[in-house]
Amino acid sequence: MFPPPSTNPLERLNVTDGLLMNADRWRRSHEYHRQRQNIHYQSLNQPGIVSGLGVHLISPPADVAPQFRDGRWLQIQPGIAIDLMGNPIVVPEPIEFRVSGEMAQNPQMVYLVVSYVDPEKLRRKESREFEKETFRLDEKMAPPSDFEVELCRILLQPEAEQLENPKDVFFPTVNSLDFRYRTVARSRPAAVVRVAHIMRSQPADERSFTNLSYLLDSVAALYPSLQGEDTIGRVTLADSKISDYDLLYLTGKRSLYLNQQEFEALRNYLDTGGILLVDAPTDAINLIESVMAITQQLGTPLEDIKRLSRNHPLRTKPFLFAALPTLNNQQIQIGYGGGIILVIGELSAAWGLDDKLLLSRETIRTAQELGINLLHFAQARRQMTQLIKAGSVVAIAPETPVSKRQAIFDKLQF
């Protein structure tokens, strides 16, 4: 999400007696200190707004042309932000700004952003002894770039002449100011975990996708050292983009069939440190058996977490679990082997709000903490594996009689 600083080495002036100081040497010696400061900020912090930079609706200024005297005028309040490179953006006084918007038939999202401007890159006719660092205020139709800080956004209706304050700041409507996506400058998490939802031939379960979003949202509050990337990917196992993610999430009830290409893609993904998390309901016998068969073919059969080391990170980091939680009167089971985690008990159902809103806070919190352990494990395994490292169809009988369910659990040998 926020890339680390550049690894280009810094250069500083070697001062000796008799050194002739000129403009270039003076500039480069000061640039060295500026670069060190930016590296320090980038290493420990995330970009965003430090203070101020509020956005207010105002009446049109008296000196504007009649065709621009409408209800689209805003005033940007003074404040400070810091961009991705660690550059301070200082707005010293209020700025009047009119949202123009492009002509469109459908409502369009307008982004109001501010960015740092290096005074050395400004084309000025006159050279000044001291140049103020400045900024640029823009209205955009595309989401902010990496070097821009968002102040607000507006879902603008075609030919709308009047903007308004939202009646509910958490649920703004069209033509109203939306502040929900402003980022605040804060400490950088130690790691960012990237997650993708595996899409299969059967219709996607949007509830599972939503619950996965709830889990990633909970990370910031429960374990700030880790952060989930904002966007959850949607991929297939044949997608070359799976290597971009630390964890692939899969759920459902049907057997997992892999052709040769998908099997090799999964093997390569696991070898590079990726994690496949399969979240299976207790009655998803077909899915459970097919995943166990795949791990056997990979040569890394699943092992029950109860038989793993007492200090295995799935059980201890960052949250400690002596016994796994119980959902719907059944204890969660977890098997692990070679980068594949099989959770039996549909843990994701308790990561968010259930349909009837009956889950207790304790149940949700416990499920989220175990989910964070899974995310933490995925990111750590991927990171450490990357430090080290610069085909057939798997088929399971499509139907497994329900009467076999208990027998399978009784003999389940991860």
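**Exercise 1: a serine in a loop**

S348 has a relative accessible area of 3%. Keep in mind that this is a predicted model.

Task: Decide whether S348 is buried or exposed, then find where S348 sits and what it touches.

Solution: 
- Step 1. Buried means under 20% relative accessible area.
- Step 2. S348 is at 3%, so it counts as buried.
- Step 3. S348 belongs to the loop between strand 23 and helix 6.
- Step 4. Skip the neighbours within four places in sequence, and S348 is in contact with N211, Y249 and D279.

**Exercise 2: checking helix 3**

Task: Work out what span helix 3 (residues 260-271) should have at 1.5 Å a residue, and compare it with the model.

Solution: 
- Step 1. The expected span uses one less than the number of residues.
- Step 2. For the twelve residues of helix 3 that gives 16 Å.
- Step 3. The end C-alpha atoms of helix 3 are 16 Å apart, which agrees.

**Exercise 3: the buried side of helix 3**

Task: Find which residues of helix 3 are buried, and what they pack against.

Solution: 
- Step 1. The buried ones are E262, F263, L266, Y269 and L270.
- Step 2. Their arc around the axis is only 125°, so they lie on the same side of helix 3.
- Step 3. An α-helix has 3.6 residues a turn, so residues three or four places apart point the same way.
- Step 4. Partners of the buried residues of helix 3 include strand 17 (247-251), helix 4 (285-298) and helix 6 (361-388).

Technical notes:
Residues are numbered from 1 along each chain as its sequence is written. This is a predicted model: local features need pLDDT of at least 70, side-chain atom pairs count only at pLDDT 80 or more; totals for chains, interfaces and linings use all residues. Side-chain values use heavy atoms; hydrogens and water are left out. Helices (H or I, at least four residues) and strands (E, at least two) are DSSP runs, numbered from the N terminus. Buried means under 20% relative accessible area, exposed over 50%, partly exposed in between (1.4 Å probe, protein chains only). The arc is that of the directions from the helix axis to the C-beta atoms. Contact means heavy atoms within 4.5 Å.
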